[in-house]
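Work through the exercises below with the sequence and the structure at hand. Each task is followed by a worked solution.

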Amino acid sequence: MPIKIVAANEPIHIDLITLGIYALPGIGKTSIAFTANRPLLLDFDRGAYRSKNRKDSVAVSSWDDVAGMTQEDLAPYSTIIVDTAGRCLDILSADIIAKNPKHGNGGSLSLQGFGVLKGRFSGWLKQMRTYGKDVVLLAHMDEKSEGDIVKERLDIQGGSKAEIYKSVDAMAKIYVEGKLRKMDFSPREGSLGKNPAQFEVLTIPDFIKEPNFLGVVIKSIKDSINQLSIEQIAKQDAAEKWRTRIGAIESEDGFNALLPEVKGETPEIRKMLLDAAQSYGLTFDKKSAKFFQEVTA
Amino acid sequence: MITTSVTLVESFRWWSESDLDWDWFLANSLSPSETWNMKAGKALHKALEGAREGEFDVLRADGFQFSFEGDYDLPVRLGAFQEVPCQKTYGDLTVRGRCDKITGMLVGDFKFRVGSVDGDKVEGYLDSYQWRFYLDMTSAKIFEYTVFEAVETSDPYIFVIRQIHSVKQYRYPDLEADCSKLAGRYMEAARTRPELVKTDAEPVRRKSVVDDTLITDDDLPAWAKG
């Protein structure tokens with residue numbers, strides 16, 4: 001199918017997000033996830049029983065258990081938790097191979113099979129959004145040494161890991177520091193994160209005191225992303241106003257008159273003035289710090 | 001004051017986290033030979049720079065042809081501004097770069113990759129300091145990699161774009177500090193490795209934002225760079 005090219009990003013308002021959380025086993029990812037708004041946990045790992053603040057969960061042994069869930073079944077819930085994303089993709093992969101052995105290769109997915117996995121998993125995420133659900137993808141953490149650095153990664157099979165990284169709107173690592181559990185959305189040396197809300201490192205509270213901790217975090221992320229959209233529109237409007245002003249300049253004096261104002265502007269506005277001046281036939285003289293028209297004898 | 005590029009600082013960071021020796025870095029990062037796929041990548045950049053809004057089965061530039069035959073989830077966004085130079089000074093080091101696109105709060109880069117874009121590749125993009133420096137050098141808060149996953153054909157000049165991936169990152173509280181820290185490490189290394197001090201490359205011809213003429217920034221004044 002042809003590629004569609006558009007000029008610029010259209011800012012959009014979002015009501016739903018996909019959040020990724022990863023940590024070493026036993027840190028309490030599931031317990032944290034149960035503090036989301038009206039959660040339903042899809043228990044691919046069969047570990048939900050370990051959670052202290054357990055709420056509704058469904059034990060999943062095959063993809064049919066997931067595919068069979070209707071919008072009506074999910075109506076009482078606002079947040080769908082995938083525990084864990086790695087095991088979810090394993091079960092989906094098994095379903096893909098069972099339905100078409102050509103998509104498998106010695107028990108793993110073939111190249112075509114990975115293509116089908118990508119399509120079906122992203123399709124399922126879209127379906128959850130259509131149903132009005134936030135999605136929380138829990139993942140175990142894998143550690144690997146590269147040179148002197150220990151890199152903390154999601155413990156998910158290679159091809160599908162890319163889909164998780166691309167699909168999450170925000171991503172955080174949970175770790176233990178002393179007696180406290182921390183949640184860090186920022187990318188660090190050796191660990192990954194996505195932090196649209198620009199959180200500092202969060203301390204995970206006592207869930208008796210803050211039973212809706214993750215629900216509040218998710219709301220903050222949505223508010224931040226929507227605030228970015230508002231800022232985006234404002235900045236684009238400002239750039240268009242500059243484009244109109246610069247487009248209306250008809251003389252060397254006009255370009256020079258704008259210089260003091262443009263110098264304090266963003267790189268793209270400065271470039272706009274420079275490009276326009278050059279197209280007008282002007283050269284910038286660094287000594288006088290002005291545009292001038294070169295006169296040839 | 002020394003000058004370097006975002007590309008070189010990022011290459012230095014990647015190399016410093018690896019087990020590879022300095023000779024490898026000299027040969028592969030400081031003086032790399034341009035591969036065929038790199039030529040194709042440059043051609044795709046040029047094709048995108050010259051593109052307008054619409055639907056296209058094919059884009060062409062410099063003799064290369066890029067055929068779009070996949071199932072793409074999203075459109076490719078060119079950006080309100082393209083090829084925007086920017087720079088920032090960290091102590092005695094000035095880091096320069098050129099953003100492929102800027103739209104409001106979003107800065108973007110186009111990548112061309114022959115072969116699959118798997119989890120390791122995406123992790124590489126997320127680990128990169130390229131996006132960190134571009135956010136730090138502009139007032140943007142969002143960075144987007146648009147990665148064109150290509151397949152070779154029997155004709156070396158023709159590539160099929162199998163998928164287009166979008167990988168986003170965001171400004172975070174320690175972003176400026178992290179960039180300063182890496183700039184400091186680079187500066188320290190440059191004191192004993194003069195090869196890390198970049199000399200300006202050949203002037204780049206790029207499309208004016210005002211009209212379609214191609215202009216250079218040979219005489220780009222400092223205020224226009226950043």
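**Exercise 1.** How many salt bridges does the rule find across the interface of chain B and chain A?

Solution. The model is a predicted one. Step one is the count: the rule finds 8 salt bridges across the interface of chain B and chain A. Step two is an example, the pair Glu123(B) and Arg153(A), whose side chains meet at 3.4 Å, N to O. This distance qualifies because the cut-off for a salt bridge is 4 Å. Step three turns to polar contacts: 22 residue pairs, both residues at pLDDT 80 or more, are found across the interface of chain B and chain A.

**Exercise 2.** Which strand gives the most to the side of chain B that touches chain A, and how many residues of each class does that side have?

Solution. Strand β10 of chain B, residues 158-170, gives the most, with 9 residues. By class, this side of chain B has 36 nonpolar, 31 charged and 17 polar residues.

**Exercise 3.** Describe the extent of the contact.

Solution. Begin with the residues: 84 from chain B and 64 from chain A take part. Then take the area. The size of an interface is often given as the accessible area lost when the parts come together. Here about 6,000 Å² is buried between chain B and chain A, and carbon and sulfur atoms give 57% of that area.

**Exercise 4.** In which order do the 3 strands of the open sheet lie?

Solution. The order is β2(B)-β1(A)-β5(B), with mixed pairing. The edge strands are β2 and β5 (76-77) of chain B, each of which pairs on one side only. Next, look at how β1 of chain A (residues 3-6) meets β2 of chain B (residues 54-56): the two run antiparallel and are joined by 3 bridges.

**Exercise 5.** Why is chain A described as more spread out than a compact globule?

Solution. First list the elements: chain A has 9 helices and 14 strands. Then compare the radius of gyration, 26 Å, with the 19 Å that the globule rule gives for 297 residues; the value for chain A is well over the rule, so chain A is more spread out than a compact globule. Finally, note the spans: along its principal axes the C-alpha trace of chain A covers about 85 × 50 × 50 Å.

Note on methods
Residues are numbered from 1 along each chain as its sequence is written. Chains are lettered from A and ligands numbered from 1 in the order in which they are written. This is a predicted model: local features need pLDDT of at least 70, side-chain atom pairs count only at pLDDT 80 or more; totals for chains, interfaces and linings use all residues. Side-chain values use heavy atoms; hydrogens and water are left out. Contact means heavy atoms within 4.5 Å. Buried area is the accessible area (1.4 Å probe) that two parts lose on being put together, summed over both. A polar contact is a pair of N or O atoms within 3.5 Å; within protein, one must be able to donate a hydrogen and the other to accept it, and residues adjacent in sequence count only if both atoms are side-chain atoms. Helices (H or I, at least four residues) and strands (E, at least two) are DSSP runs, numbered from the N terminus. Ala, Val, Leu, Ile, Met, Phe, Trp, Tyr, Cys and Pro count as nonpolar, Asp, Glu, Lys and Arg as charged, and the others, Gly among them, as polar. Two strands pair if DSSP finds at least two bridges between them. The radius of gyration is taken over C-alpha atoms; the globule rule is 2.2 Å times the number of residues to the power 0.38.
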